[in-house]
Amino acid sequence: MSDDAIRLVTIGRMLRRRGRLLTVLVVLGALTGFGASLVFPPRFTTSASVLLPGAWEERVLLTQAEIATSTVVTDRTAAELRWAGVDGEELRERVRAKVTNGNIIKISGTAESPAKARRLADELARQFVAFSARIVDDTADPTAAAGPDQLRQMVLTTSRRITELADSADPGRTVESVQTRTELAKLRTALQEAVGKLDQAGSTAAGSRLVVMGPAAEPSGEAPPTRVQLIAAGAVLFFLLAVVGHLTAARANRRPRSEREIAAALGSGLLGGVDVAVRRGALRPEGGGARQRLRRLLGVDTPWNAPAPPTAGDEASLGIRYRRVCGRIRELVPGARRLLLVVADDDPVALRAAERLAEEAGGDPLLRVTEVSAEAPLVPDRGEESGVLVVLGAGSRTGAELAGVAEACADAGHDVVGIVLADAVRTRPARPARSAGPPREAAAPALALGDGARGGAR
């Protein structure tokens with residue numbers, strides 16, 4: 001499938017043939033997630049809300065949210081909490097602040113227990129309100145902040161003095177006295193308006209103070225990622241990595257499958273192909289090592305992307321193909337008395353094909369089967385053999401392995417005279433033979449004979 005599109009049938013074949021391996025990897029991923037949950041203890045998160053009365057611009061609200069998680073506020077919160085090994089820098093990683101609808105800043109805190117999370121959120125909100133109030137007091141008008149009551153009292157005293165001066169003035173006998181009384185009345189009116197504006201400013205300043213809208217609620221559950229989420233994430237991650245790894249390895253597979261590629265790698269021609277009838281599980285390589293037993297247990301001892309063996313004819317039709325290949329061998333190497341069949345030791349289909357070729361040849365020529373290692377092939381030195389026949393399964397060997405077999409044959413003094421491809425197939429069950437009965441032609445005379453006998457008896 002190096003250049004084929006990935007289809008659902010390919011995924012289904014992989015899940016079916018690598019089910020045990022995928023199950024083991026999913027379990028390992030779940031165990032990894034469980035271990036991560038032990039390394040990272042559970043966390044709990046809760047939040048406290050702070051109201052900003054009045055009309056606020058959006059940029060000012062964002063600034064207030066940044067102030068809520070600033071270093072000054074977190075340092076003061078850490079000093080008040082006095083938790084062992086927890087300073088303001090670590091608290092900054094545990095707290096969050098965001099602006100919600102209605103001029104409300106939601107301050108969240110995360111800790112190891114619900115009680116500590118609630119205390120962290122409440123203390124952070126309180127320190128934020130205190131720090132914001134201090135900023136407002138420091139940036140306010142010093143005169144207005146020093147004594148608004150004194151200014152109000154001075155305005156009232158001045159207003160009474162103006163009234164006294166107006167009463168003591170000449171009550172409208174001259175033009176100058178009328179103008180004086182008019183100016184004093186305007187001055188008194190201006191002072192009264194100033195007092196009203198001073199009261200309004202005082203109420204506005206008092207209304208701009210931030211208000212904590214109650215204590216934080218007790219968290220009811222763990223903050224994500226929880227232990228269950230970590231376990232599920234580990235299982236899903238390992239499963240996806242296994243699937244992607246299988247598909248990537250299948251796409252990167254460059255094993256030659258066509259006759260031209262195989263012949264070019266071995267430097268010889270193809271004599272033909274034979275079929276080997278197999279049953280389920282017969283394609284697994286033999287071996288009793290611990291590594292091989294583990295591969296067999298996980299189901300990775302056979303390629304998962306190999307197509308299912310097609311259905312061929314019966315044993316008689318399979319034998320015809322073997323005899324044809326033997327005939328081509330006699331025509332290719334006339335007069336040869338002995339040939340060497342080289343087969344990889346981890347290719348059970350090719351091994352069975354080579355053994356049957358040796359049987360079908362009947363000693364003409366004599367075919368001797370030799371198993372070699374695919375990784376480091378070693379072919380016996382040339383004796384009475386007239387050449388080498390390489391028997392291999394289609395798509396079972398890489399180009400480098402085929403080149404290694406060709407070099408091993410040349411090093412032992414053999415010439416590769418031909419290649420035989422073996423393919424696994426499923427044979428059709430043989431039909432049961434019909435019971436032999438008397439033919440109809442023979443039954444008719446017997447019936448006539450019986451009639452005649454009965455007539456004679458009469």
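The talk below takes the labels one at a time.

Modeller: First, a caution: this is a predicted model. The protein chain has 16 helices and 10 strands. Of its 458 residues, 34% count as buried.

Colleague: Why is leucine 31 called exposed?

Modeller: Exposed means over 50% relative accessible area. Leucine 31 has 54% relative accessibility, so leucine 31 counts as exposed. Leucine 31 is found in helix H2, residues 19–39. Together with Val24, Val27 and Leu28, Leu31 makes a nonpolar surface patch of about 330 Å².

Colleague: Why is glycine 319 called buried?

Modeller: The cut-off for buried is under 20%. Glycine 319 has 3% relative accessibility, so the label buried applies. This glycine is found in helix H13, residues 315–332. Glycine 319 is 38 residues from leucine 357 in sequence, and the two C-alpha atoms are 9.4 Å apart in space.

Colleague: What makes arginine 323 and glutamate 360 a salt bridge?

Modeller: A side-chain nitrogen of Lys or Arg must lie within 4 Å of a carboxyl oxygen of Asp or Glu. In this pair the closest N and O atoms are 3.8 Å apart, and arginine 323 and glutamate 360 form a salt bridge. Arginine 323 lies in helix H13 and glutamate 360 in helix H14, so the pair ties together parts that are 37 residues apart in sequence.

Colleague: Why is arginine 323 called partly exposed?

Modeller: Partly exposed lies between the cut-offs for buried, under 20%, and exposed, over 50%. Arginine 323 has a relative accessible area of 45%, so arginine 323 is partly exposed. Glutamate 360 is also partly exposed, because its value is 26%.

Colleague: How do you know that glutamate 385 and arginine 368 form a salt bridge?

Modeller: The limit is within 4 Å. For glutamate 385 and arginine 368, the closest N and O atoms are 2.8 Å apart, and the pair is a salt bridge. Glutamate 385 sits in the loop between S8 and S9, while arginine 368 is in strand S8, 17 residues apart. Glutamate 385 counts as buried because its relative accessibility is 7%. Arginine 368, at 33%, is partly exposed.

Colleague: How many salt bridges does the structure hold?

Modeller: There are 15. Another is the pair of arginine 397 and glutamate 401, at 2.7 Å from N to O. Both of these residues are buried. Shared partners also join Glu90, Arg94, Glu112 and Lys116 into one network.

Colleague: What lines the largest cavity?

Modeller: Its lining includes Val342, Val372, Leu392 and Arg397. Strand S7, strand S9 and helix H15 each supply at least two lining residues. The volume of this cavity is about 80 Å³.

Colleague: What makes the bond between proline 224 and proline 225 stand out?

Modeller: Most peptide bonds are trans. The bond joining proline 224 and proline 225 is cis, with omega about 0 degrees. Proline 225 is in the loop between strand S4 and helix H10. Aspartate 364 and proline 365 are also joined by a cis bond, with omega about -5 degrees.

Notes:
Residues numbered from 1 in each chain as written. Predicted model: local features only at pLDDT ≥ 70, side-chain atom pairs only at ≥ 80, totals over all residues. Heavy atoms only, no water. Helix = DSSP H or I, 4+ residues; strand = E, 2+ residues; numbered from the N terminus. Buried < 20%, exposed > 50% of the residue type's maximum accessible area, 1.4 Å probe, protein only. Patch = residues over 30% accessible without salt bridge, like charges linked within 9 Å, V, L, I, M, F, W, Y side chains within 5 Å. Areas by Shrake-Rupley, 256 points an atom, 1.4 Å probe, with all protein chains shown as cover. 1 Å grid on protein atoms, 1.4 Å probe; cavity = no way out; pocket = protein on both sides within 12 Å on 5 of 7 lines; lining within 4 Å. Points joined across faces, edges and corners; volume = space filled by probe spheres on them.
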